[in-house]
Amino acid sequence: MLGTLALALALPAAASARQAAVRSHDLDLAQARDAQLMLRRLDRAALEVCGASIVSVADQQRSVRRSACYRDAMDGAVASLRAPVVMDLYRERTAAD
């Protein structure tokens, strides 16, 4: 499994792609607890890539989490992990939203 995942998102024409590194080497992604932790790490990275952070006000975080930028970043990162437990938990989370 990948040691570090680069979460990347192509931005509009003149802008360069933004990336955030997300560690995964210390996790067993076949375990639900570690898969949840991975989703939290991906969430923080997607927030940063899309213009917010964990220290941003709650309204800004909510707004970013509803954006196509965030959704595309999370979808791409989760898919690139190829970890069934992470994918299942992510699907459950997005279905509840």
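Predicted model: local features only at pLDDT ≥ 70, side-chain atom pairs only at ≥ 80, totals over all residues.

**Exercise 1. State which elements the protein contains and in what pattern they follow.**

Step 1. The protein has four helices and two strands.

Step 2. Along the sequence, the pattern reads β-β-α-α-α-α.

Step 3. The protein has 97 residues, of which 36% count as buried.

Step 4. Contacts between residues at least 6 apart in sequence are considered next; 44% of them join residues at least 24 apart.

**Exercise 2. Describe how helix 1 packs on helix 4 and on helix 3.**

Step 1. Two packed helices are described by the angle between their axes and the distance between the axes. Axes are lines fitted to C-alpha atoms, for helices over the stretch in contact, and angles run from 0 to 180 degrees between N-to-C directions.

Step 2. Helix 1 and helix 4 cross at roughly 65°, and their axes come within 9 Å. This crossing is right-handed. A crossing is right-handed if the near helix is turned clockwise from the far one by less than a right angle, and left-handed if anticlockwise.

Step 3. On the side of helix 1, the contact involves Ala32, Ala35, Gln36, Met38, Leu39 and Asp43; helix 4 contributes Val85, Val86, Leu89, Tyr90 and Arg93. By class, these are eight nonpolar, one polar and two charged residues. Ala, Val, Leu, Ile, Met, Phe, Trp, Tyr, Cys and Pro count as nonpolar, Asp, Glu, Lys and Arg as charged, and the others, Gly among them, as polar.

Step 4. The axes of helix 1 and helix 3 come within 9 Å and cross at roughly 140°, which means that helix 1 is oblique to helix 3. Angles under 35 degrees count as roughly parallel, over 145 as roughly antiparallel, 65 to 115 as roughly perpendicular and the rest as oblique. The crossing of helix 1 and helix 3 is right-handed.

Step 5. Residues of helix 1 that meet helix 3 include Leu42, Ala46 and Leu47, while those of helix 3 include Ala73, Ala77 and Val78. The contact of helix 1 with helix 3 comprises 13 nonpolar, no polar and one charged residue.

**Exercise 3. Determine how helix 3 is oriented relative to helix 4.**

Step 1. Helix 3 (residues 68-81) packs against helix 4 (residues 84-96) at an angle of about 155°, with the axes 9 Å apart. Helix 3 is therefore roughly antiparallel to helix 4.

Step 2. The contact of helix 3 with helix 4 has eight nonpolar, no polar and three charged residues.

**Exercise 4. Locate the disulfide and state what it ties together.**

Step 1. The count comes to one disulfide, a pair of cysteine sulfur atoms within 2.5 Å. Cys50 and Cys69 form it, with their sulfur atoms 2.1 Å apart.

Step 2. The link of Cys50 and Cys69 is left-handed, with -90° about the S-S bond.

Step 3. Cys50 lies in the loop between helix 1 (32-49) and helix 2 (58-65), and Cys69 in helix 3, so the pair ties together parts that are 19 residues apart in sequence.

**Exercise 5. Classify Leu47 and Gln61 as buried or exposed.**

Step 1. Leu47, in helix 1, counts as buried because its relative accessibility is 0%.

Step 2. Gln61, in helix 2, also counts as buried, at 13% relative accessibility.

Step 3. Beyond four places in sequence, the residues that Leu47 touches include Ala52, Gln61 and Tyr70.

Note on methods:
Residues numbered from 1 in each chain as written. Heavy atoms only, no water. Buried < 20%, exposed > 50% of the residue type's maximum accessible area, 1.4 Å probe, protein only. Contact = heavy atoms within 4.5 Å.
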